[in-house]
Amino acid sequence: MIETNFKHTDIGPIPHDWEVKRLKDVSSTASGGTPSRNNADYYKGCIPWFTTGELRDCVLCDSIEHISKEAILNSSAKEFKEGTILMAMYGATIGKLGILSQSSTSNQACCALGCEMINNIFLFYELLFNRKYIIEKGFGAAQPNISQNIVRNLFIVVPPLAEQEAIGKALSDIDGLIEGLRKLIEKKRNIKQGAMSRLLSGSLRLPGFNKPWVTRTLGEIGHLIPNNSLSWEYLTNSGKVANIHYGHILTRFGAIVDVSYTQLPYVEKNSEARFLKGNMANDGDIIFADTAEDDTVGKAIELINIGDKHIVSGLHTFWFRPDVEFAHSFLGYAVNGEAFHSQIPLLATGTKVSSISKPNLLKLELHYPTDLAEQSAIAKVLTDMDAEIEGLEKKLAKYEQVKQGMMKQLLTGKIRLI
């Protein structure tokens with residue numbers, strides 16, 4: 001890799017042997033179409049048909065729907081060859097990309113880019129790198145849209161063909177590593193879910209344990225502590241009293257939250273005094289999210305390693321404290337296990353948003369081993385699995401940072417590969 005000299009252009013400095021062109025100068029454009037839904041046979045073919053929701057900034061191996069040759073002949077749908085780039089032109093997915101791995105079709109919300117005069121892998125990453133610029137070209141009040149004409153007139157930088165290929169290969173190689181890690185993480189998560197299901201139902205016993213399990217309702221093994229209803233605007237990034245918000249439970253936290261290193265939201269300083277006079281969380285307390293827009297309603301966390309920190313339970317949560325002794329981290333996994341969590345939809349109410357009431361929460365039954373040593377062993381297995389997944393996720397985040405750095409250097413010509 002070598003550094004290079006730059007020349008000034010209308011879009012900024014670029015390497016002296018690169019060119020600035022409009023997309024229409026190096027690529028053909030076309031849009032797809034949607035065959036009539038009134039003819040069910042149109043959607044029984046073998047030709048992949050993509051919508052914008054399936055564009056994931058990667059190579060597209062297959063689509064959810066397929067259409068027939070007859071559907072293409074009787075609609076505005078077109079068949080695009082392998083290697084064509086699809087770009088979303090409308091709504092929330094604007095600028096999303098995909099590369100066809102086989103001959104396919106798309107709906108009219110996708111712009112298909114033929115790459116006869118430019119390397120398609122290079123162009124894919126060039127457009128990905130400049131997505132913000134593309135979105136800014138959008139028009140419309142509610143959600144931005146772009147037209148084929150806007151796409152055709154986008155400015156792009158064009159290195160020599162050999163360099164396009166080298167840049168495309170370098171970036172696709174790092175993407176390959178990222179995709180491999182994502183698949184491995186998904187595999188590990190599935191393995192963990194299977195282990196949770198068997199270990200927390202008692203269908204799989206760890207070696208050396210044979211004492212009985214019991215079934216008790218939450219109301220029989222603990223009690224609820226009053227929570228608060230502070231919404232996001234009353235929370236800050238620092239303070240004396242941390243506040244567990246249901247949004248973090250649903251989207252950010254795993255079953256076990258180690259307070260010693262986890263960043264939590266805090267109540268505002270002018271509210272700290274009144275909270276310091278009330279209940280504070282203890283190690284082993286469980287906090288449930290009482291509402292969600294999907295089947296995650298009832299997801300819960302167990303707080304551990306609280307130390308001298310002050311923590312309370314906030315908006316749309318139930319704060320549960322066991323009166324029965326449980327092994328460190330076991331209860332947090334148990335209330336998120338399939339055997340326990342599968343009871344929640346039967347007692348939840350609501351359509352678009354599901355909620356569970358306090359009385360119904362306390363009716364839920366927990367099946368668990370009486371032997372604290374067995375509880376601890378189960379928690380250790382699941383904690384080790386979580387630690388492995390967390391390590392892989394950190395590695396993935398590092399690779400994604402590396403990719404962003406590579407794109408910034410290679411697609412601006414600051415670093416040259418040839």
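A residue is called buried when its relative accessible area is under 20%, exposed when that area is over 50%, and partly exposed in between, with a 1.4 Å probe and protein chains only. At 23% relative accessibility, C58 therefore counts as partly exposed. The model is a predicted one, in which local features need pLDDT of at least 70 and side-chain atom pairs count only at pLDDT 80 or more, while totals for chains, interfaces and linings use all residues. Residues are numbered from 1 along each chain as its sequence is written, and side-chain values use heavy atoms, with hydrogens and water left out.

**Overall make-up**

Of the 418 residues of the protein, 47% count as buried, and the C-alpha atoms fill a box of roughly 70 × 55 × 50 Å along the principal axes. The protein has 14 helices and 25 strands, where helices (H or I, at least four residues) and strands (E, at least two) are DSSP runs numbered from the N terminus. When contact is taken as heavy atoms within 4.5 Å, 75% of the contacts between residues at least 6 apart in sequence join residues at least 24 apart.

**Strand pairing**

Two strands pair if DSSP finds at least two bridges between them. Strand 1 (residues 6-9) and strand 2 (residues 12-15) run antiparallel and are joined by four bridges; a hairpin of two residues connects them, and K7 stands opposite I14 in strand 2. Elsewhere, three strands form an open sheet in the order 7-5-10, with mixed pairing. Its edge strands, strand 7 (65-67) and strand 10 (105-106), each pair on one side only. Strand 5 (residues 47-50) pairs with strand 7 in the antiparallel sense over three bridges, and P48 stands opposite H66 in strand 7.

**Nonpolar cores**

A nonpolar core is a set of buried Ala, Val, Leu, Ile, Met, Phe, Trp, Tyr and Cys residues joined through side-chain atoms within 4.5 Å. The largest has 60 residues, of which I244, F288, L303, I311 and F330 touch the most other members. Leaving aside neighbours within four places in sequence, I311 is in contact with residues including A242, I244, V259, L303 and W319. A second, separate core of 33 residues includes V26, L97, V151 and L411.

**Aromatic rings**

Rings of Phe, Tyr and Trp (its six-membered ring) pair if their centres lie within 6.5 Å, and planes under 30 degrees apart count as stacked, over 60 as edge-to-face and the rest as tilted.

| Pair | Centre to centre | Angle between planes | Class |
|---|---|---|---|
| F124 and Y125 | 5.0 Å | 80° | edge-to-face |
| F326 and F330 | 6.4 Å | 10° | stacked |

Both F124 and Y125 are buried. F326 is buried at 14% relative accessibility, and F330 is buried with a relative accessible area of 1%. Ring pairs link F326, F330 and Y368 into a cluster.

**Cysteines**

A disulfide is a pair of cysteine sulfur atoms within 2.5 Å, and the structure holds zero disulfides. For C46, the nearest cysteine sulfur is that of C61, 17 Å away, and C46 is exposed, with a relative accessible area of 67%. The nearest cysteine sulfur to that of C58 also belongs to C61, at 7.2 Å.
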